[in-house]
Amino acid sequence: MIAAALCLSLGAFAQKPEKECCKQDAAKECCKKTEGKECCKSGKARGQKSLDAAEAWATLYPQIEKSINAPTFRDKDYKLFDYGKKSKTKGFLYTELINKVIDLCSNEGGGRVVIPAGTWLTGPITLRSNVNLHLEEGATLLFSDDPSQYPIVKTRWEGMDCYNYQPMVYAYQQENIAITGKGTIDGGASNDNWWQMSGKRGYVEGPITQKIGRPLLQEWNENGVPVEKRILGDGYGMRPQLVNPVECKNVLIEDVTLLRSAFWVIHPLLCENLTVKGVHIQNDGPNGDGCDPESCKNVLIEGCYFDTGDDCIAIKSGRNRDGREQGIPSENIIVRNCQMKNGHGGIVVGSEISGGFKNLFLEDCVMDSPELDRVVRIKTNACRGGVIEDIYVRNVKVGQCKESVLKINLVYEPNEDCDRSFPPTVKNVWLDNITCQKSKYGVMIEGFKEICNIDNINVDNCHFDGVTSGGNSITGLTKNVRFNNLYINGKLVK
């Protein structure tokens, strides 16, 4: 709960002096001035306070909405085959041609690079400023499964900074970029190629998997190895993302269908002013997250369809040491009018959330699948640190989910090898008018036994039917968990 109290606790986490603890607090500037004596008690600078749900929806929500604006582009089309010929050679890669036209478009002031109907095999594509990569209806960009086609670039893998295979559609430090149209981006991943690198149960395991690269990257992270020395790629089994804009401003992804990603599908990293609208995501591969904005600010995800092998939407802000030292939160994210089918969670915060998170507004979504584990999920642990706060969810209809409607888990990945002296804080969560027809639990909270740092959790005007356990499950220490007009299996929870 309060940062100073966390530092001074007699439990397992009492390993950091108060001043050091406050470096991880949201109120960094205030903590520097006061050495944590007062402001860190609230997790924010003095004079700031979290809003209750009604006030947040009425005032903060429209402010955030107004700050998110899709980019616009020069009215000029660059049609792909105006700049090169179609090939009759089987297996021909259009990588060079596509990137050449993108570069030309950007250098001349921008516009649309138009991919025509047909299936075009390609290697990785690099977006440039002021370019809208537009896929006409019937167009498919099918990505090569040959790792040798993918150069090494700067990215982040499960919240840890590194150099790895270039994501299939990549942009670095660009402005005003888009992927639009009724076409398809197909990562081409399957058990015969990329998914073999996962080493996960249920998938064919290849000779080289992330069991090689992932522990090494975690070790580099824990030990503070400079990012320039964290070179992965061949021999490490670390799969590339499908779409990964990094440090970009004014990004739009609209109407396209995204299939068969090797790893995460959409991974915006350190971006500002991002719109993901009308996108259809179908990906049942390992770690097949749908959309994972990481350390991003001002994000709208609207009217999208998710059917994934992992989380549908997972908000992140860096893992462990990398995330804490950079201290860049995700903030101001709106999710509305989306449909979630299969997935580990519908809307998820974490687990790589060390930089913290604030201000989620989710409304008017439909979730329903026997393979959807949870509706709203917060997952983190004492390796992470960070403050997760101000989560507002309303008007969600759930047919069924496997485990729980709301799950807050502060003991996620208990076997992770890391410094566990950075307990996170979760506070100010509001659920209103959520209905669910079938689940195991209504609310499921797993807090710490030693310290109480889950505070102000509100479940209002909700009806959870078909709850097979009969109710909620709360373990560990919590404060101010309130149920107001919550009905489980037709009975009011008192």
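**Pocket lining, parallel sheets and cysteines in a predicted model**

Helix α6 gives the most to the lining of the largest pocket, with four residues. The structure is a predicted model, in which local features need pLDDT of at least 70 and side-chain atom pairs count only at pLDDT 80 or more, while totals for chains, interfaces and linings use all residues. Residues are numbered from 1 along each chain as its sequence is written, and side-chain values use heavy atoms, with hydrogens and water left out.

The largest pocket holds about 630 Å³ of space, the volume being that filled by probe spheres set on grid points joined across faces, edges and corners. A pocket is here an open set of points on a 1 Å grid over the protein atoms alone, where a 1.4 Å probe fits, with protein on both sides within 12 Å along at least five of seven lines, and lining residues have an atom within 4 Å of a point. The lining comprises 29 residues, of which K200, N287, D310, Y412 and E413 lie nearest the centre of the pocket. Two or more residues are given to this lining by α6 (210–223) and by β24, where helices (H or I, at least four residues) and strands (E, at least two) are DSSP runs numbered from the N terminus. By class, the lining has 16 charged residues, eight polar and five nonpolar; Asp, Glu, Lys and Arg count as charged, Ala, Val, Leu, Ile, Met, Phe, Trp, Tyr, Cys and Pro as nonpolar, and the others, Gly among them, as polar.

Strand β24 also belongs to an open sheet of six strands, in the order β19-β22-β24-β26-β28-β30, with parallel pairing; two strands pair if DSSP finds at least two bridges between them. The edge strands, β19 (313–315) and β30 (473–475), each pair on one side only, and the twist from one strand to the next averages 10°, with axes fitted as lines to C-alpha atoms and angles running from 0 to 180 degrees between N-to-C directions. Within this sheet, β24 and β26 run parallel and are joined by five bridges, R374 standing opposite S404 in β26.

A second open sheet has three strands in the order β4-β9-β12, again with parallel pairing. Because β4 (125–126) and β12 (243–246) stand at the edges with a single partner strand each, one side of each is left without a neighbour in the sheet. Strand β9 (residues 169–172) pairs with β4 over two bridges, and Y170 in β9 is the bridge partner of T126.

Strand β17 (residues 297–302) is largely enclosed by the rest of the structure, because five of its six residues are buried, that is, under 20% relative accessible area with a 1.4 Å probe and protein chains only. This strand pairs in the parallel sense over five bridges with β15 (residues 272–277), where T275 stands opposite L300, and likewise over five bridges with β20 (residues 330–336), where I301 stands opposite V335.

The structure holds one disulfide, defined as a pair of cysteine sulfur atoms within 2.5 Å, and this bond joins C383 to C418 with an S to S distance of 1.9 Å. As C383 lies in the loop between β24 (374–379) and β25 (387–400), and C418 in the loop between β26 (404–409) and β27 (425–438), the pair ties together parts that are 35 residues apart in sequence. Both C383 and C418 are buried. By contrast, C248 is in no disulfide, the nearest cysteine sulfur, that of C271, being 4.8 Å away; C248 is buried, with a relative accessible area of 1%. C436 is also in no disulfide, the nearest cysteine sulfur, that of C401, being 4.3 Å away, and C436 is buried, with a relative accessible area of 0%.

How values were computed
Buried < 20%, exposed > 50% of the residue type's maximum accessible area, 1.4 Å probe, protein only.
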